[in-house]
Amino acid sequence: MSQRTTESTSGPKRRILVVEDEPALVLTLSDRLSSEGHEVEVATDGDAAFEAARAGSFDLVVLDVALPGRSGLDVCRDLRREGVDTPILMLTARAELYDKVVGLKLGADDYLTKPFEMPELLARVEALLRRSGRALAGPGAYAFGDVRVDFRTAEVWRDGKPVALSALEYKLLAFFIERRGAVLTRDELLDRVWGYEATPTTRTVDVHVAALRQKIEPNPAKPRWILTVHGMGYR
C-alpha cells in the first residue's frame, strides 16, 4: 500500500516514488526529498511499487533491490516491459558488480550502493530529473508528465489525446517550455507572448494561465507544471 508524505510548497515540484521497506530510510528519504520541494509517494513492497509506478505519473522512481514480494530487479524489468519509461534510480546493499550490471541491463538509469551519503543521492536524483525533464519526445517535440507538445505542427497531446488550445494559449505554453525553470513576471509574459502591439492587462495573463492549467494540469487547483510565484509571476 502506498502513502503520501507532506508536500513542500516551495521549489519546482516533481513526483518521486520511493520504494523502500526500511522504515528509518523511508522516513529519511521522504523528509529530505520533500524538503527539496518534491512530492513524494512511498511503496514498501514490490507489488505495490509496480502498481503505483505503472498507474501514477511519476518523474522518478527510487527503487530498492531487496523488497518483500517482487524484487526491485523484477519491478524494474516488469515496468520496462509495460512500456513505463520513468527514470529509475536503484538502491542496493549489495556491492557486487554483477547486481549492478543486471539492474542496468533491465532498464535502470542509475545505481547507488548502500550505505550512501545523502548529498550523493540528491545529486543523482537531480541529474535524473534534469535529464528526463528536458528530454525531447522526438525531433521538434517536448514532453512532460503525460503532456506532449509538437512544435512542428503546433499540436498538444495529453494522455494520447489532442488538446485544443487557442493560439495565445499555445504560444504561452511554448514560452513556458522555452524558459522552463525561470520565474517569469507578468510584464515579461505580456511583452514576449502578447507583443508590443497588444494592449492586454496583467489580469489577461492570469486568465490565460488559468485556462491553460485547466487543459494540461492533472489537478488545476494544485498545479504541477505552471506554478505561481507569489508577488513575482509564474514558473
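Mentor: Let us start with Glu169, which forms a salt bridge with Lys215, the closest N and O atoms being 2.8 Å apart. This pair links distant parts of the chain, since Glu169 sits in helix 6 and Lys215 in helix 8 (residues 202–216), 46 residues apart. Please keep in mind throughout that this is a predicted model.

Trainee: Is Glu169 buried or exposed?

Mentor: Glu169 counts as buried because its relative accessibility is 8%, and the cut-off for buried is under 20%.

Trainee: What does Arg179 pair with?

Mentor: Arg179 forms a salt bridge with Glu188, and the closest N and O atoms of that pair are 2.7 Å apart. Arg179 is partly exposed at a relative accessible area of 30%, and Glu188 is likewise partly exposed, with a value of 22%.

Trainee: Where else does Glu188 come in?

Mentor: Glu188 belongs to helix 7, and it is among the residues there that meet helix 6, together with Leu189, Arg192, Val193 and Trp194. From helix 6, the residues taking part are Leu168, Lys171, Leu172, Phe175, Phe176 and Glu178.

Trainee: How many nonpolar and charged residues are in that contact?

Mentor: By class, the contact of helix 6 with helix 7 has seven nonpolar and four charged residues, and no polar ones.

Trainee: And at what angle do the axes of helix 6 and helix 7 cross?

Mentor: The axes of helix 6 (residues 167–178) and helix 7 (residues 186–194) cross at roughly 120° and come within 10 Å. The crossing in which helix 6 passes helix 7 is right-handed.

Trainee: Back to charges, then. How many salt bridges does a search of the whole structure find?

Mentor: The search of the whole structure finds 22 salt bridges. In general, side chains of opposite charge can pair when their charged atoms come close.

Trainee: Which residues are linked in a network of salt bridges?

Mentor: One such network links Asp47, Arg70, Asp74, Arg77 and Asp78. Within this group, the side chains of Arg77 and Asp78 meet in a salt bridge, with an N to O distance of 3.0 Å.

Trainee: Which of those two counts as buried, and why?

Mentor: Asp78 counts as buried because its relative accessibility is 13%, whereas Arg77, at 27% relative accessibility, counts as partly exposed.

How values were computed: Residues numbered from 1 in each chain as written. Predicted model: local features only at pLDDT ≥ 70, side-chain atom pairs only at ≥ 80, totals over all residues. Heavy atoms only, no water. Axes fitted to C-alpha atoms, helices over the stretch in contact; angles between N-to-C directions. Helix = DSSP H or I, 4+ residues; strand = E, 2+ residues; numbered from the N terminus. Left-handed = near helix turned anticlockwise from the far one by under 90°. Contact = heavy atoms within 4.5 Å. Nonpolar A, V, L, I, M, F, W, Y, C, P; charged D, E, K, R; others polar. Salt bridge = Lys/Arg side-chain N within 4 Å of Asp/Glu carboxyl O. Buried < 20%, exposed > 50% of the residue type's maximum accessible area, 1.4 Å probe, protein only.
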